[in-house]
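Dear colleague,

Please find the structure below, handed over for your records. My notes on it follow.

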Amino acid sequence: MKAFTFERAVSRQAAAMAAANSPGARFIAGGTNLLDLMKLEIETPTHLIDVNGLGLDKIEPTAEGGLRIGALVSNTALASDMRVRRDYAVLSRAIVAGASGQLRNKATTGGNLLQRTRCPYFYDTNLACNKRQPGAGCAALGGASRSLGLVGVSDTCIATNPSDMAVAMRLLDANVETLNAQGATRVIPIADFHRLPGATPHIENALTPGELITAVTLPAPTGGTHRYHKVRDRASYAFALVSIALVMQRDGTGRVAVGGVGPKPWRSAMAESLLPNGAKAVAANLLVGARPTHENAFKIPLVERTLAAVMAEARTA
Ligand code: SF4
């Protein structure tokens with residue numbers, strides 16, 4: 001691991017200013033992804049800014065009837081909150097589908113949104129990776145790509161976003177609240193938070209240098225039946241090959257978001273309008289323009305079949 005300096009931020013703005021003034025700095029909260037990446041020297045921050053003491057660990061009601069989730073609320077606390085379990089069950093289900101109990105105790109809401117891909121080539125520093133080293137090439141193209149993406153991908157990167165929580169947040173139309181070094185706040189719709197790779201796969205989100213996530217807000221509850229189903233190679237502690245987040249109303253309308261298929265949680269208003277027509281129509285529309293590899297083309301029928309199963313379960317709930 002490379003040497004680095006460390007400070008405990010005394011205020012939110014001080015944290016943002018410290019990060020903006022030190023280009024090699026990273027915020028650290030739970031550290032469940034960052035520390036692994038530092039040990040492998042994939043992330044080599046020169047300075048760590050500990051944001052754990054900034055009072056961002058509360059879940060509070062909003063004036064609009066939703067919830068404001070502090071960026072430092074742990075994944076365990078969020079998944080077990082009674083308001084979340086009652087009104088946003090898809091979020092609770094998605095979180096407990098991810099990682100392990102120990103990791104969820106440490107991992108935070110903000111950090112979960114920022115976790116990096118689990119593309120195996122990203123983690124192997126002997127192989128080319130445009131995300132790790134811009135311009136180096138992409139060993140996954142033509143390589144082992146079973147777990148990788150087929151929608152929203154580019155000629156430079158086919159990695160997927162590994163977060164289960166983010167898929168549910170996308171389904172619920174969450175907003176990400178931030179603070180920058182000048183003290184300005186910003187609200188970023190979750191749909192715009194994660195970027196597609198294009199020619200710059202190393203730029204993964206909409207944050208500017210030093211911008212600190214302070215909270216994630218959920219709109220008023222959607223009602224309906226909530227489901228999250230994750231298909232993976234083993235029953236726990238594995239990332240999604242495909243995951244489906246679904247909210248279904250009694251009249252057959254609803255929302256659907258898909259994980260494990262692209263660089264961000266995948267959702268489409270047009271596809272959702274087809275929910276009353278069944279899973280085949282929805283999946284075909286959601287994955288229109290897909291660019292599967294020879295190893296991950298199985299994800300196309302897998303999305304349809306998983307969605308069909310989840311819709312059938314929701315109808316009988
Ligand atoms: Fe790197 Fe993306 Fe290629 Fe994986 S798919 S090796 S993360 S550039």
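Which of the 13 residues around the ligand come nearest? They are Cys-119, Cys-129, Cys-138, Cys-157 and Ile-158; a residue counts as near if one of its heavy atoms lies within 4 Å of the molecule.

Please note that this is a predicted model, in which local features need pLDDT of at least 70 and side-chain atom pairs count only at pLDDT 80 or more, while totals for chains, interfaces and linings use all residues. Residues are numbered from 1 along each chain as its sequence is written, and side-chain values use heavy atoms, with hydrogens and water left out.

By class, the shell around the ligand comprises ten nonpolar residues, two polar and one charged (Ala, Val, Leu, Ile, Met, Phe, Trp, Tyr, Cys and Pro count as nonpolar, Asp, Glu, Lys and Arg as charged, and the others, Gly among them, as polar).

A search of the whole structure finds one aromatic pair. The ring centres of Phe-122 and Tyr-123 are 5.3 Å apart and the planes stand at 80°, so the pair is edge-to-face (centres within 6.5 Å; planes under 30 degrees apart are stacked, over 60 edge-to-face, the rest tilted). Phe-122 is buried, at 1% relative accessible area, whereas Tyr-123 is partly exposed, at 22% (buried is under 20%, exposed over 50%, partly exposed in between, with a 1.4 Å probe and protein chains only).

Yours sincerely

Note on methods. Phe/Tyr/Trp six-rings, centres within 6.5 Å; stacked < 30°, edge-to-face > 60°.
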